[in-house]
Structures are given as structure tokens and as C-alpha cells.
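These are my notebook entries on a structure that I looked up element by element. I set down confidence before any detail.

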Amino acid sequence: MVCGLNIINMNKKGIINWMFIVILMGIIAIIWVLIKLIFDKIHTELLLVEEVANNPTSVGILASGSTAINGFDIGFAVVFFGLGLISIWVGSSLLATSKVLMPIFLFILFIVIIFGVVFSNMYESYITSDDSIASAAAGYPIITHILLKFPLYVGLIGLAIFFATYAKTKSQEQQGISLR
């Protein structure tokens with residue numbers, strides 16, 4: 001059994017798992033900004049040490065670490081939107097849902113968007129609280145853009161999942177893959 005399919009099987013609404021993924025992605029983004037902040041401080045302090053600054057191997061290691069950490073920005077965007085597309089695919093083809101669950105789905109989507117607003121506001125106050133955090137966040141323009149517009153992206157992906165899950169005809173529902 002593929003990892004996670006058992007959870008989807010137990011939860012026919014599908015959005016509960018997606019809600020946890022959205023919250024987890026926001027937390028990961030903040031952790032990545034903290035990692036960049038910490039690494040930049042360590043990098044700066046290590047280059048002040050004469051033995052490290054004069055050693056080309058040490059300087060090369062620090063430069064490759066900086067390059068890797070700067071790649072987190074694109075990696076976050078790929079994972080965030082990739083998980084959104086996988087959620088849309090799961091909703092459209094793997095979940096057999098009842099039309100009775102539509103109001104529940106919309107209610108949970110509304111709650112997720114509220115979490116997105118709170119999370120976006122929290123991130124904005126977090127990056128404006130300190131100059132060093134703001135400079136670390138400026139190193140991740142994609143993460144900053146996604147998190148400042150988090151409710152919009154969460155709402156768009158949630159609506160896409162909603163339409164993919166509930167806009168199926170009877171024949172499409174009968175042809176869907178059952179996870180039972």
C-alpha cells in the first residue's frame with residue numbers, strides 16, 4: 001500500500017488531510033527562513049576566523065552550503081504546488097464522495113482559509129519584527145510571496161479540490177478507483 005492511502009481511505013472528505021498539509025507547509029517555510037538566518041550568522045562568524053577564511057576548502061564548503069540553502073526557495077514552491085496538484089488528482093480520481101458532504105467540505109475549507117489568514121499575518125509580523133529576520137526572508141522571495149498571499153493560494157487550491165471532487169458525473173464516479 002502506498003504511504004498515505006490508508007489515511008485517505010479512512011477520511012472520505014479528503015480535505016482534513018489537506019488542511020494538515022497546508023499548516024505543515026507553512027511551518028516548514030518558517031523553519032527554512034530560520035535555517036537561513038542561522039546559517040548566515042554562522043557563515044559570517046566563521047569567515048571572521050582566520051583559519052577558516054584562509055582555507056579554500058572551508059570557504060568552498062560554506063559557499064556550497066549557502067547555495068544549497070538558497071535552493072530551498074524553489075524547493076518550497078515545487079513541493080507546495082506539487083502537493084496541491086496531488087490533492088486535486090486524489091480528489092478527482094481516488095475519492096468517491098457523496099454530495100451530502102459538500103457543505104462540510106466548504107465549511108472546512110473556510111476554516112483552512114481562516115488558518116491561512118492567521119498564518120499569513122503571523123508571518124508578516126514575524127519578518128517585520130527584526131532586521132536580520134527580514135534580510136533572511138528577503139533571501140527567499142518565493143516563500144515570502146506565497147506566505148504573504150497564503151489565504152489566496154490555499155483558497156484557490158481548495159476550490160480546485162472542491163470542483164475536482166464534487167463535479168463528477170455518475171459515470172465518472174462509477175469508474176473511479178476505490179481504495180477499499
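**Entry 1. Confidence.** A contact is taken as heavy atoms within 4.5 Å. I noted as a caution that where pLDDT is low, the predicted coordinates should not be read in detail. The protein chain averages a pLDDT of 77, and 79% of the residues score at least 70.

**Entry 2. Basis of the values.** I recorded that this is a predicted model, in which local features need pLDDT of at least 70 and side-chain atom pairs count only at pLDDT 80 or more, while totals for chains, interfaces and linings use all residues. Residues are numbered from 1 along each chain as its sequence is written, and side-chain values use heavy atoms, with hydrogens and water left out.

**Entry 3. Architecture.** I counted ten helices and zero strands in the protein chain. Helices (H or I, at least four residues) and strands (E, at least two) are DSSP runs, numbered from the N terminus. Of the contacts in the protein chain with a separation of 6 or more, 85% are accounted for by residues 24 or more positions apart. Buried residues make up 36% of the 180 residues. Buried means under 20% relative accessible area, exposed over 50%, and partly exposed in between, with a 1.4 Å probe and protein chains only.

**Entry 4. The core.** Which residues touch the most other members of the largest nonpolar core? Of its 35 residues, they are V33, F76, F80, Y123, I143 and F150. The elements that give two or more residues to this core are α2 (15–48), α4 (56–70), α5 (72–94), α6 (102–128), α7 (131–138), α8 (141–148) and α9 (150–166). The largest share, eight residues, comes from α2. A nonpolar core is a set of buried Ala, Val, Leu, Ile, Met, Phe, Trp, Tyr and Cys residues joined through side-chain atoms within 4.5 Å.

**Entry 5. Aromatic pairs.** I then turned to the rings. Rings of Phe, Tyr and Trp (its six-membered ring) pair if their centres lie within 6.5 Å; planes under 30 degrees apart count as stacked, over 60 as edge-to-face and the rest as tilted. By this rule the count comes to ten aromatic pairs. W32 and F76 form an edge-to-face pair, 6.0 Å centre to centre with 80 degrees between the planes. This pair links W32 in helix α2 to F76 in helix α5, 44 residues apart. W32 counts as buried at 19% relative accessibility, and F76 is buried at 0%. The rings of F80 and F150 have their centres 5.9 Å apart and their planes at 35 degrees, so this pair is tilted. F80 lies in helix α5 and F150 in helix α9, so the pair ties together parts that are 70 residues apart in sequence. F80 has a relative accessible area of 5% and is buried; F150 is buried at 2%. Leaving aside neighbours within four places in sequence, F80 is in contact with M25, I146, F150, Y153 and I157. Ring pairs link W32, F72, F76, F80, F81, F119, F150 and Y153 into a cluster.

Entry 6. Is K36 buried or exposed? At 8% relative accessibility, K36 counts as buried, and K36 lies in helix α2. Its charged end sits over the ring of Y140, 5.7 Å from the ring centre. The criterion is NZ of Lys or CZ of Arg within 6 Å of the ring centre and within 35 degrees of the ring normal. Not counting residues up to four places away in sequence, K36 touches I69, N70, A136, G139 and Y140.

**Entry 7. T128.** I found T128 in helix α6; at 59% relative accessibility, T128 counts as exposed. The side chain of T128 reaches the backbone oxygen of E124 at 2.8 Å and that of S125 at 3.3 Å.

**Entry 8. A160.** A160 and S87 are 73 residues apart in sequence and 9.1 Å apart in space, C-alpha to C-alpha.

Methods. pLDDT is the predictor's confidence in each residue, from 0 to 100. A polar contact is a pair of N or O atoms within 3.5 Å; within protein, one must be able to donate a hydrogen and the other to accept it, and residues adjacent in sequence count only if both atoms are side-chain atoms.
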